[in-house]
Amino acid sequence: MKEPHASSDTRFRIHSGDATDPQWGDARKVHFNATLYAHRSLPKKSFNRMIMILAAFCVFAAIRFIMIGAWPVVIFVGIDLIALWLAFFFNYRAAKAFETVQLTDKDLLLTRVSTNGRVATWRFEPYWVSVKLRERGEDDNELYLRSHGESVYFGDCLLADERRAFKVALENALATWRAKTQNPGYGASQ
């Protein structure tokens with residue numbers, strides 16, 4: 001399988017090339033494999049540096065406040081630093097959530113992994129599934145997989161333009177899959 005590709009401004013990676021998914025005992029061939037994740041602009045290493053610099057600044061400020069007799073301010077400086085650390089802690093914890101979309105020989109799988117590791121999976125027949133994008137204004141939309149009356153919303157972590165791009169990529173993969181199943185010789189010379 002080739003390495004995933006995504007530009008730095010997208011929040012999904014499409015793993016290109018055919019591969020076999022070891023998760024399934026019947027060795028399903030994976031034709032499309034994408035991971036959707038929330039973007040984090042501050043890497044964890046930079047966050048650690050930022051907290052160290054702020055902690056040093058807070059210690060310097062605390063010493064200064066104690067020297068001028070305003071020692072109660074030190075408590076609030078400490079609370080501010082702890083609150084900032086907690087905000088980033090929960091932000092990085094939320095970054096553990098992701099979704100995967102896999103198109104195999106037999107089905108289209110949407111898997112959602114929550115921040116606490118809970119996994120939910122939906123299976124769709126690739127021949128009948130449709131990818132729907134509901135526009136909710138100029139800068140907002142919702143992405144759905146629909147089949148046989150069932151509809152599943154996904155891609156919440158993506159921006160509106162990224163949802164549009166992902167819809168096109170998934171529809172292209174489904175069209176290629178359908179062409180291969182209807183015509184087994186499709187793509188043999190490619």
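Predicted model: local features only at pLDDT ≥ 70, side-chain atom pairs only at ≥ 80, totals over all residues.

Visitor: How are the rings of F154 and F166 arranged?
Guide: Edge-to-face: the centres are 6.0 Å apart and the planes sit at 75°, past the cut-off of over 60 degrees.

Visitor: Which elements does that pair tie together?
Guide: F154 is in strand β9 (residues 150-154) and F166 is in helix α3 (residues 160-182), so the pair joins parts that are twelve residues apart in sequence.

Visitor: Which residues form a cluster with F154?
Guide: F32 and F166; together with F154 they make one aromatic cluster.

Visitor: OK, zooming out. How many aromatic pairs are there?
Guide: The count is nine aromatic pairs. One of them is F47 with F88, a tilted pair with 5.0 Å from centre to centre and 35° between the planes.

Visitor: Where do F47 and F88 sit in the chain?
Guide: F47 is in helix α1 (residues 44-67) and F88 is in helix α2 (residues 72-94). They are 41 residues apart, so this pair links distant parts of the chain. F47 has 5% relative accessibility and therefore counts as buried.

Visitor: Switching topic: which charged residue sits over the ring of Y144?
Guide: That's R146, whose charged end is 5.3 Å from the centre of the Y144 ring.

Note on methods
Residues numbered from 1 in each chain as written. Heavy atoms only, no water. Phe/Tyr/Trp six-rings, centres within 6.5 Å; stacked < 30°, edge-to-face > 60°. Helix = DSSP H or I, 4+ residues; strand = E, 2+ residues; numbered from the N terminus. Buried < 20%, exposed > 50% of the residue type's maximum accessible area, 1.4 Å probe, protein only. Lys NZ or Arg CZ within 6 Å of the ring centre and 35° of its normal.
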